[in-house]
Amino acid sequence: MEHIVVIGAGVIGLSSGVYLLQSGYKVTIIARDFPSPFETADPKHFINYSSLWAGAHNRWVLPTNATEQRDHAMALSTYRHMEQLVSLHPECGVHFTKGIEYLEDVPQVYKDLTAETASGLGITDFRLYTNEELPDKVTWGCEYQTWCANPMVYCLFLLRQFALLGGRTVNMELRTPLEVRDMKAFSDVRTVVNCSGVGFNDPDVFPTRGQTCVVANNCPATVTRQNGDGSWTFCVPRGFNGGTVIGGTKEPNNWDTEPSEEVRRRLLDALARTYPSIRDEEDFRVVRDIVGRRPTRKGGIRLEKEQHDERFSVIHAYGLGGRGYELSWGVAEQVARLLK
């Protein structure tokens, strides 16, 4: 049985580890950070462990080029895997719900979208909104079926599945994937899967700071609004009594760890204007402000096999930015194909 080492225990590393175990490999995950319950996780300590703080939901991005077509195919694979996972393990931390999309400045690809073309893209329960259903300044809107994950519940579920399938974990920080090659404990390993997020000093990787707010209010749908100035307003229900995540900001190369009360007020006010029914029963009850760093990569995902010598190779699977959860199982499938 071939022994594979996966570096990183974010959603990509955990998904890849489980998928490879199911494919018949022996797998060890080496990581600095592993999943932790929301109630005890320190946001500053885990600020670079972005999977813990992610919105963790599927938002359909309409493909307009070959790279986006590839990503859409991985999103569809993930969607189908989530359907199967929920049917087999309703406790996994994932639930299906309605997704709502609002746009102020509408690209042509969205203007051309119909129920028929949406179905061809694998988007189910699609419906365009009428002008009367749109918030102020929004010029296009729709709804569809999607899924959301409570990231702490889901990642702990994946870690548990990994252990039950016979996977091994090692808690340590590596400086390079090639370190594994020189460890006696892994003398039988010929391939390392690099799911480190940041890619080990990849010059094309940079942090994208995001501030969100977790509120106790429940929301029956994901809501995503792209504003005319390029900013975003969104909310994602975590499910499993996890409240709702409200966001969000995207700040490239911003390393600040402190959440801003002013930004929180702006995020909450923007969502209240976009989706006022979230406050029908009570005003926002803030649980926690979150700052996380999404590892983003110029040029998009790095998903390829790198041969270092005749006996050792590295499969790179990192740099997904804010799309780690929605492409996770599609990436895991590609990792398995690269292994073969």
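**The cavity and its surroundings**

Mentor: Strand β5 (residues 140-149) gives the most to the lining of the largest cavity, with 3 residues. Please keep in mind as we go that this is a predicted model. A search of the whole structure turns up 1 cavity of 30 Å³ or more, and the space inside the largest cavity comes to about 50 Å³. Its lining is made up of W60, L62, E101, Y110, L113, I123, F126, W140, C142 and Y144. Sorted by class, that lining has 9 nonpolar residues, no polar ones and 1 charged residue.

Now set the second largest pocket beside it. This pocket has a volume of about 370 Å³. Its lining counts 20 residues, and those nearest the pocket centre are N227, S231, T233, A270 and R273. Two or more lining residues come from each of β10 (232-237) and α6 (261-274), with α6 giving the largest share, 5 residues. By class, the lining of this pocket has 4 nonpolar, 8 polar and 8 charged residues.

Next, have a look at the sheet. Six strands form an open sheet in the order β6-β2-β1-β7-β15-β14, and the pairing is mixed. At its edges are β6 (168-171) and β14 (302-309), each of which pairs on one side only. From one strand to the next, the twist averages 20 degrees. Within this sheet, β1 (residues 3-7) and β7 (residues 191-194) run parallel and are joined by 4 bridges; I4, for instance, has T191 of β7 as its bridge partner. Helix α1 (residues 11-22) packs on the sheet, where it touches β1, β2 (26-31), β7 and β15 (312-318), and its direction makes about 165 degrees with that of β2.

Finally, turn to a pair of helices. Helix α2 (residues 66-88) packs against helix α7 (residues 324-339) at an angle of about 100 degrees, and their axes are 7 Å apart. The two helices are therefore roughly perpendicular to each other. On the α2 side, the contact is made by D71, M74, A75, S77, T78, H81 and M82. On the α7 side, the contributors are Y325, E326, L327, S328, W329, G330, V331, E333 and Q334. Taken by class, the residues of this contact divide into 7 nonpolar, 6 polar and 3 charged.

Conventions. Residues numbered from 1 in each chain as written. Predicted model: local features only at pLDDT ≥ 70, side-chain atom pairs only at ≥ 80, totals over all residues. Heavy atoms only, no water. 1 Å grid on protein atoms, 1.4 Å probe; cavity = no way out; pocket = protein on both sides within 12 Å on 5 of 7 lines; lining within 4 Å. Points joined across faces, edges and corners; volume = space filled by probe spheres on them. Nonpolar A, V, L, I, M, F, W, Y, C, P; charged D, E, K, R; others polar. Pairing = 2+ DSSP bridges. Axes fitted to C-alpha atoms, helices over the stretch in contact; angles between N-to-C directions. Contact = heavy atoms within 4.5 Å. Parallel < 35°, antiparallel > 145°, perpendicular 65-115°, else oblique.
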